[in-house]
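User: I'd like to learn how to read a chain-to-chain contact. Can you walk me through one?

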2 protein chains.
Amino acid sequence: MPGQSVGAVKAQRARFNQPLQLRSGGILPAFDLVYETYGTLNAAGSNAILVCHALSGHHHVAGHYADQPDNVGWWDNIIGPGRPLDTDRFFIVGVNNLGGCHGSTGPSSANPATGKPWGADFPMIAVSDWVEAQARLADRLGIDSWAAVIGGSLGGMQALRWTISYPERIRHAIVIASAPKLSAQNIAFNDVARQAILTDPDFHGGHYYEHGTRPVRGLRLARMLGHITYLSDDQMGEKFGRELRNGSFSFDFDVEFEIESYLRYQGDKFAGHFDANTYLLMTKALDYFDPARLDDGDLNATMARTRAGFLVVSFSTDWRFTPARSREIVAALLANGRDVSYAEIGLNFGHDSFLMEDAHYHGVVAAYLGNIKT
Amino acid sequence: MPGQSVGAVKAQRARFNQPLQLRSGGILPAFDLVYETYGTLNAAGSNAILVCHALSGHHHVAGHYADQPDNVGWWDNIIGPGRPLDTDRFFIVGVNNLGGCHGSTGPSSANPATGKPWGADFPMIAVSDWVEAQARLADRLGIDSWAAVIGGSLGGMQALRWTISYPERIRHAIVIASAPKLSAQNIAFNDVARQAILTDPDFHGGHYYEHGTRPVRGLRLARMLGHITYLSDDQMGEKFGRELRNGSFSFDFDVEFEIESYLRYQGDKFAGHFDANTYLLMTKALDYFDPARLDDGDLNATMARTRAGFLVVSFSTDWRFTPARSREIVAALLANGRDVSYAEIGLNFGHDSFLMEDAHYHGVVAAYLGNIKT
């Protein structure tokens with residue numbers, strides 16, 4: 001891997017006591033955001049890049065914790081001295097989004113009205129709410145305008161939303177493996193995942209914290225299903241094929257094929273630590289995302305609101321958000337004469353490609369950021 | 001719709017007291033098959049067509065029951081006087097497969113060893129076992145050789161297996177929307193569906209009959225997931241798009257999008273009547289299907305065992321069993337100089353296309369059968 005890791009990092013916490021009006025009509029009276037930063041903010045505050053996370057991500061984007069050397073950030077391969085998000089040049093901010101389960105205010109936080117965990121009473125969150133909360137954090141950090149906001153998948157939607165909500169506060173958006181809105185099939189997969197959680201007897205209407213239970217079965221199913229949509233059919237075939245765990249059929253319902261072993265392992269691992277209410281909120285934020293609703297569905301009109309330069313990246317084998325979905329964004333930007341670069345990368349890892357280290361992919365991001373003025 | 005329905009039909013039952021040795025090593029001491037027939041078997045017994053059902057199908061393929069005029073067979077549109085499977089010319093047989101839940105011996109039948117329902121003790125069933133049981137039914141009906149065996153999806157796999165197990169007893173195979181074996185992604189979807197059922201607290205290790213429960217939650221999730229894979233992304237988009245049930249976001253976990261309403265309805269309907277143990281068995285039969293295992297994975301060698309003529313049909317928007325999977329079968333047949341016709345039909349209904357009425361699709365089947373000698 002070219003470049004270096006940022007090394008040991010520390011998470012920080014910011015408290016915001018001004019109420020936040022949410023897209024759903026709800027109000028958060030106050031909230032915490034947990035975040036990390038890498039590199040140094042310049043005197044002009046003009047070299048900051050915000051990294052937005054996807055469904056199951058968080059603020060620990062790069063480096064490791066001094067006391068947990070194996071706890072490496074989820075996008076470490078792209079951040080650090082000499083890496084595409086070069087910390088010798090940029091000040092990088094990672095934040096756990098509202099509704100999350102990694103320290104920022106979310107369903108497992110105490111509801112000030114009751115003193116008990118919010119649970120199912122936590123208000124529904126939209127991508128635009130995350131942008132509002134991130135804007136407060138930018139204020140706090142002294143960042144008037146982001147040099148860039150970058151993200152993959154749901155993270156890309158936040159970058160896109162920044163260009164619409166705050167065109168004057170974002171100079172570049174890097175939107176990777178994303179879409180201007182979910183398709184019916186995308187929503188369908190999300191709904192099956194949610195129904196798995198909502199119908200788990202241990203869910204208790206979202207108030208499982210008070211019952212000493214967790215809807216582990218539902219969350220495990222949701223994650224297993226999610227994983228199928230993150231990988232490409234080709235990659236699954238190459239990696240697992242029809243390989244049998246024990247060489248021959250056992251004719252029972254235990255693991256027979258390697259792919260079953262992989263999926264169940266991923267499901268178990270995720271269900272062991274992630275919060276189900278957060279999973280529900282994140283999938284709903286995905287479903288709701290549709291900024292062109294501002295303009296009666298006319299994405300061209302919505303993109304006319306933007307001022308940023310754009311890099312849009314898609315992956316050939318991503319069937320969750322296909323290259324065609326990225327091209328919808330590109331077309332709407334071009335229709336408005338916006339400055340947009342587009343790359344369709346041939347990578348075999350499906351939707352998860354955006355997390356992978358690849359010379360072509362990372363080269364495109366590095367080249368784009370290399371041309372940014374700070 | 002051209003042609004006519006076969007009209008009122010009756011289900012019949014055949015008892016087989018000779019033990020059946022199964023692929024899994026298990027033995028069924030005796031079994032029942034429930035079946036229906038349409039048309040008249042000729043004196044030579046040479047005009048019989050077997051229709052094999054897929055995951056959730058059964059023996060009621062065409063017509064209706066005299067006392068249930070709305071209970072129309074699942075493939076009525078292709079069977080009847082003047083229809084592609086023309087009952088003026090052919091004697092059509094539909095059978096509920098072993099392990100089913102529509103009258104043939106299955107997990108809800110009494111285990112003769114205990115007098116209680118088999119439940120989870122019902123032996124695992126392979127496609128080749130269905131063919132063995134169907135061969136017994138053919139003997140009983142006086143059919144030495146099928147004019148054709150036809151099926152879509154898992155039904156197509158049975159037609160294919162017939163050509164390998166009994167090359168001398170099948171003159172034509174019509175294999176629709178099928179594959180020579182499942183891909184890792186296919187198995188992955190099946191495993192998530194099974195895990196939904198197996199981890200449902202009402203499953204009771206498969207002995208739910210005795211607990212007065214049914215794993216309705218798990219079965220519902222399995223069917224919702226299945227439905228996503230049966231439909232094409234395009235069709236879902238055209239049919240449901242992002243249409244909202246109530247015109248605007250309600251910001252809760254009830255149905256918001258029409259696609260959610262459709263999927264939950266399909267899930268509820270299915271879970272209300274289908275047997276979960278049968279669902280498990282059927283998905284395992286899909287996973288196990290891989291006739292080329294007979295020849296160390298060499299499908300060409302396996303197809304060399306066949307003697308039948310073939311019609312292979314695939315659908316452009318089927319992403320469960322893509323046209324490429326059908327072409328694998330065609331290529332292996334051509335490599336052996338077998339007589340094979342192949343049609344790739346442009347239809348927008350995904351995997352479910354095989355159940356649809358379409359002039360081109362039905363025309364291809366009618367033309368092929370029109371050339372069969374009886």
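Predicted model: local features only at pLDDT ≥ 70, side-chain atom pairs only at ≥ 80, totals over all residues.

User: How much area do chain A and chain B bury between them?

Analyst: Buried area is the accessible area (1.4 Å probe) that two parts lose on being put together, summed over both. For this pair that's about 4,800 Å², with 67% of it on carbon and sulfur atoms. On the chain A side, Arg242(A), Phe251(A) and Phe253(A) supply 17% of the area buried against chain B, more than any other three residues.

User: And how many salt bridges are there between chain A and chain B?

Analyst: Side chains of opposite charge can pair when their charged atoms come close. The cut-off for a salt bridge is a side-chain nitrogen of Lys or Arg within 4 Å of a carboxyl oxygen of Asp or Glu. Between chain A and chain B the count is 8, and over all chains the structure holds 32. One of the salt bridges pairs Arg264(A) with Asp191(B), at 2.7 Å from N to O. In another, the side chains of Lys284(B) and Glu256(A) meet at 2.8 Å, N to O. Lys284(B) sits in helix H7 (residues 276-288) of chain B and Glu256(A) in the loop between H5 and H6 of chain A, so this pair joins two chains. Helices here are DSSP runs (H or I, at least four residues; strands are E, at least two), numbered from the N terminus.

User: How are chain A and chain B related by rotation and shift?

Analyst: Two copies of a chain are related by a rotation about an axis and a shift along it. A rotation of 180° with 0.0 Å of shift along its axis puts chain A on chain B, at an RMSD of 0.0 Å. The two copies are therefore related as by a two-fold rotation axis. The same surface serves both: 96% of the contact residues of chain A recur in chain B.

Conventions: Residues numbered from 1 in each chain as written. Chains lettered and ligands numbered in written order. Heavy atoms only, no water. Least-squares fit on C-alpha atoms with pLDDT ≥ 70 in both. Contact = heavy atoms within 4.5 Å.
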